[in-house]
Amino acid sequence: MEALDGNAIGGLLLEVFGVEMTTATGTCDHCGATGVVAEFAVYRQAPGTVVRCPACEYVLMVFSQLHGRYCVDLGGLRTLAAAG
Amino acid sequence: MSPISRGFRGRRRTTADPSRVPPGQYVTEDFPVLSAGPTPHTKLDAWSFSVSGGDQPRSWTWDEFVDLPTERVTVDIHCVTRWSKLDTTWQGVSVDTLLSDVSHQASFVLAHCDGGYTTNLPLADVTGGQAWVAFDYGGEPLDPEHGGPARLLVPHLYFWKSAKWVRRLELLDHDVPGFWETYGYNMYGDPWKEQRYAGD
Amino acid sequence: MEGTAVRGRLTWQVAVVDQVVDETPQVRTIHLKVPEWAGHRAGQHLDVRLTAEDGYRAERSYSIASAPGEPVAITVERLDDGEVSPYLTEELRAGDELELRGPIGGYFVWDAGDGGPLMLLAGGSGIVPLRSILRHRERIGSRVPARLLYSSRTLADVIYHSELSHYASGTEVIYTLTRQQPPGWTGHAGRVDAKLLGDVAWPAGTAPLAYVCGPTSFVETVATGLVGLGYPAGRVKTERFGATGGR
């Protein structure tokens, strides 16, 4: 299964955060790599959407939809900042 | 209100005996590949399976593992994303066999997999002929995309519990949420009670 | 009116199919009438949502094939084992409704102010957002140099073939056919590799801006190759369509 990238969840991120987030910058809490969300590895064929660090594959974000409500876990990111 | 998309029917579905289809599921002849991460490709000469948390750890190399008594089973499987697939055939080692000479006080297991995936189950649900570590699907070696070399197979629960690329069963005396359980999915996952999410 | 400014960006809306145009045997462009479209930027995409009579739903993302200012159009490739693409490319017809939301995306976009020279690299249906960029560049009369490297299986699979040769603003288009070449073919053959990139990509010293789109394996190979040629990673934008070429 090949990953997509953060572009593929642009709509999901807009829905969850209310702003464009594919240009947001995030830092991996595991390896410290910094990059834009558009370049993160995204796995959508799953019970939820899993976003991983492109450098070390650490799980950065997980989005689940539980009874129509989003459950968002950003625990793998040390920082996440929307583009200025 | 979303309009109905004229003529759209979705994934190929087949009609089936309703008594075999849990609530909210549809039957497909496909075998969708779902994954939370990249497909691991562990070489068989580097592969091992182990049981930890008992009196002493047990471990098998691939050659030792496929030498164990195996069973061929035909089961229905149900994915939380709503597809079900009936009469799937597998070959694997029963978890009963793997635990047969392990002394322990456990009532739960946590499955650990290549790539870091985990899932938790009550011990009572992986014993008594309800679970296998399967390495053959449909008469062929299990494809890496579907969890090969070997995956856990626990067909009476939602299929996220049938952990792909399984490498270790950890025996525990308490229930520890695995990957999807941590992100809001049900700790148990009975498809017949539609236990998809926490609190269901 | 309250809510109007937000609507069309975050919310689903119902469009009507205006026309469908077959680009290749597997690929169709769907021209849409979208009543509350807020406009889009070249390279953006939209999300489509289908609902079956029993309530079953499927969602997919498709790059917008038209330029900013043109009516919204998406180009869809039919995947044999697909769930949505066979419907969009074979069943959907003029007059049908299509639920969508967009435009989406702030990363894989090009505006005049981004400059160039533009190095565009497409694998299969990855050509779609790049075509939006090229049409936009044409419509605004931009003089930014542009070069396109387009990888397809066969000549019959090349989408927008005629159009790509006819941009008045002079876009250089280089084709490579990976599976089969017609008799007398003078273009390249085989998958894009480091050597082909070295031969056709703008030299790094010209400070190009690269956009790479297509299946994941194509994007990874090309992006790595461009960085290997000296392109700064920040000047290589990528959009992955997944192993089967669709999303």
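Biologist: Is Glu57(A) buried, partly exposed or exposed?
Modeller: Glu57(A) is partly exposed, because 17 other C-beta atoms lie within 10 Å, and a residue counts as buried only with 20 or more and as exposed with 12 or fewer. Bear in mind that this is a predicted model.

Biologist: Where is Glu57(A) in chain A?
Modeller: Glu57(A) sits in the loop that runs between strand S5 (49–52) and strand S6 (59–66) of chain A.

Biologist: And what is the phi of Glu57(A)?
Modeller: Phi is near 70° for Glu57(A), which is a positive value in a residue other than glycine.

Biologist: Now chain C. What is phi for Ala207(C)?
Modeller: Ala207(C) has a phi near 55°, again positive in a residue that is not glycine. Ala207(C) lies in the loop between helix H4 (194–200) and strand S11 (209–214) of chain C.

Biologist: How many other C-beta atoms are within 10 Å of Ala207(C)?
Modeller: There are 13 of them, so Ala207(C) is partly exposed.

Biologist: New topic: peptide bonds. Is the one joining Gly102(C) and Pro103(C) cis or trans?
Modeller: The bond between Gly102(C) and Pro103(C) is cis, with omega about 5°. Pro103(C) belongs to strand S6 (residues 97–104) of chain C.

Biologist: What about the bond from Gly116(C) to Pro117(C), cis or trans?
Modeller: The bond from Gly116(C) to Pro117(C) is cis, and its omega is near 5°.

Biologist: Where does Pro117(C) sit?
Modeller: Pro117(C) is in the loop between S6 and strand S7 (118–123) of chain C.

Key: Residues numbered from 1 in each chain as written. Chains lettered and ligands numbered in written order. Predicted model: local features only at pLDDT ≥ 70, side-chain atom pairs only at ≥ 80, totals over all residues. Helix = DSSP H or I, 4+ residues; strand = E, 2+ residues; numbered from the N terminus.
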